[in-house]
Amino acid sequence: MTTDPTVPRPRTARWLLRLHRPALYGFAALVIVLAGLELALAGPLADAAAAGWRQFDACHTSICSYDQAAILRYKDYYEYATYALDALPFLVAAWAGAALTGRELETGTARLSWTQGISPARWLTVRLVLPAALVAAATCLLVWLHHRAWAAGRGRIDTASGWYTLVTFHANGPTIAALALAGLAAGTLAGLLLRRTLPALVLGVLVTVGVAVLAQQLMPHLWPTVTRVTTLQQGGIGSAIVLDQGLLSKSGAHLPMPNCTTAAACDAAFAKASGYYTVYHPYAHYWPLQLTTTALLLAITALLALASCLVLRRLTGALRAAGTAVEAKDALVTA
Amino acid sequence: MSDTAIEATGLGKRFGRRGGRALHDCAFRLPTGRVCALVGPNGAGKSTLLALAAGLLAPTDGRLRVLGTSPAAARPRVGYVAQDKPLYPQLTIAEILRMGADLNPGHWDPAAAEHVVAGGDLEPGTRIRSLSGGQRTRVALALALGKRPELLLLDEPMADLDPLARHELMGTLMAQAAQYGTTIVMSSHVVAELEDSCDHLLLVGGGRIRLAGEIDDLLAAHVRVTGAADSDRLDAHAVVESRVTGRQLTALIRPAGPLPAGWRASAPTLEELVLAHLRNPEAPVLTTAPAATEESAA
C-alpha cells in the first residue's frame, strides 16, 4: 500500500493541457496578436507618429501639412494594447473560476480525477502551478514589449502617455503579471468555494478587481514620497504620481489649492502664497514602486492559494495519504 | 492486508454548519470479497456514505477505515462511479481511457477497460458529450474497472441501463469480483435490482444504518408469522412490523426463542425485510457482522 518510488507519477499536466486546449489556443492567439501590436507600436507606428509630430512642431504658419493620421493611429493602437494588457488579469480570473475549478466541481469531474489516481493536493497544485507558469511567462513578455513600445514614443511623441498614468504604469511593469497571478488564485478559490461555473466566474473577477483597487490605493504609500516647492511662475509639478499638492503660504504653511471662480478671488488667494508644494513620486521612483507593488500582489496571491488549499482540505479531508499536506502548501506558495 | 473493506464507527456527516445530518452515528463492518447492496430510500444518505468511503468528503464525526487505512490513503486502490457518471464531455472514449492509463500508472488494466466499452458496441472516436446516459455509465464503469481496484464503490450504477446492458454489466462486475476478489458496494433504491447478485446488505434509512450483515444471516434472523389477531402475544420477540387485516395478524419478527402455538411461520423475502424496516423507523437496528475488530484498528 505504500507508494513505490519506481512507479511512474501520473501524467497530470498533460491532461490538464488537453482538457483546456481551446482556452490554451485562445490565450496563445491573444498573446501573439498583442505581441505583434506592441512590436508594430515600438517600430513603424511610433516612427510615423514621431515624424508627424516633427512636421507639426516645425510648422509655424497657420496652415500646415502633417501626418495627423499616423499620430492618431499610434495613440489609438497604444490605447488598445494598454487596455488589453491591463484587462488580462481579469480574463485569467474569469477562466480560472469558471473552467479551472468551478465547472469541474459543478459537474463532478473533479471527483472523477480524485478517484483516478490524482490526489486532491496534486489536482490543485497542477491547476495552480502550470497556468501560473504560462500566465507569468506570457504577461512578462507582453509587459517587456509594452515598455519597449512606450519608450519608443517617449520624448518623440507629444501625446504619448506619461509613465505615471494608471493604465500605462501597470501595463509597463511586472505589477500586471503579479495581478494576473492573483487573478488565477482568486478564480481558483472562487471555484472551490462556490462550486458552480457562472457564480465562480463572477466572484473570481470581483475579487481580482478588489485586489487591483487595493493595490492601486496602497501603491503610492509603498515607497517614501518626495516633497518639492516650486515658485508660482513655475507652477505645480504635474508629470508624476502626485499625492498632495497645494499652495505654500508666505509663513510656510500648506494651503489647499484655491477653488476660485473669479479673477479677483484667484488673485486674492494667490496673493497669500509664495509658491506651490507637491508631494509626489518622481520617475526615479518607478522601479521601487513597481517592485513593492508586485511584492504586495504576490503576497496576496500566496494567501489566496493557501486559502484554496484550506478550502479543498475542508471539502475532501486529508489532501494526501499521509502528513504531507504542509509540504503541498509550501509548494503552492513558492510556485 | 486487512480483511475489512470498510469499517465505520460513530460515523456522521453534516452539510454546512446548520445543515441537516446526512449520516448520523453509523457503525458497520464490511468484510473484503463481498458484493454488498447499499439500499435505502432516496435521500437516505447512500451517496454520502459512498463519497465518504471514496475519500471525496471528510466526515464530521466518527471514524471510517477503508482497506485498513484512511479513505484518503486508500484512494489509489478504490474505484468509484458517482451517481451522475461525470466524464469530461470534450474527450473521446479512446482519450478518456488513455487518461485513465496515464493517471493510474503501474496499475492500469487496458484490457479490462476496453472489454467493458466493447460490450456496448461504442466507437472509440465518439465524444463523451454525444453518448446516451447508459453509454456514459459504461464508460464510467470502464474507467473504474481499468484501475483494477480492490474496492469498487458504485452509486446507482444500473439506473440508466436497459435490461440487457444491466444484465451484461452485472455479469462483468461479478466476474471481476470472482476473479480478483474485488469488494463491490452498489447502491440502489430498488432492492430487486441487487438481490440476485449481492451477498451482503447495508440498509440505510434516515441517515442511519438499519440493517448490516450477510443477506443469508439477516434473512435467517427474521420470520414472517401469521396468526389470529387474538392469539398469544409476540412480546417475547423483537417485532419489526405487524399488521392486522380483519381477524388476521401478520408480523415480521426476530424470534428470540420458540414461537408460541397458533402462529404459522414462513421465511421473508429480502424485499419484505427491507420494506418492513423502512416502514418502521423504530424497529431495532441489527448488524450481524461485528462493528469493530481489534485487527483492523491496528
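A salt bridge here is a side-chain nitrogen of Lys or Arg within 4 Å of a carboxyl oxygen of Asp or Glu. Asp102(B) and Arg11(A) form one through their side chains, at 3.1 Å from N to O. The model is predicted: local features need pLDDT of at least 70, side-chain atom pairs count only at pLDDT 80 or more, and totals for chains, interfaces and linings use all residues. Side-chain values use heavy atoms, without hydrogens and water.

**Interface of chains A and B**
- Chain A and chain B each put 34 residues into the contact, with contact meaning heavy atoms within 4.5 Å.
- About 2800 Å² is buried between the two chains, 58% of it from carbon and sulfur atoms; buried area is the accessible area (1.4 Å probe) that two parts lose on being put together, summed over both.
- The rule finds three salt bridges across the interface of chain B and chain A.
- On the side of chain B that touches chain A, helix H2 (71–74), strand E5 (78–81), helix H3 (93–103) and helix H5 (133–146) each give two or more residues.
- H3(B) gives the most to that side, with six residues.

**Sheet in chain B**
- Three strands form an open antiparallel sheet in the order E2-E1-E4; helices (H or I, at least four residues) and strands (E, at least two) are DSSP runs, numbered from the N terminus.
- Strand E2 (21–31) and strand E4 (61–66) are the edge strands, each pairing on one side only.
- Five bridges join strand E1 (residues 4–14) to E4(B) in the antiparallel sense, where pairing requires at least two DSSP bridges between two strands.
- Thr9(B) has Arg63(B) of E4(B) as its bridge partner.

Methods:
Residues numbered from 1 in each chain as written. Chains lettered and ligands numbered in written order.
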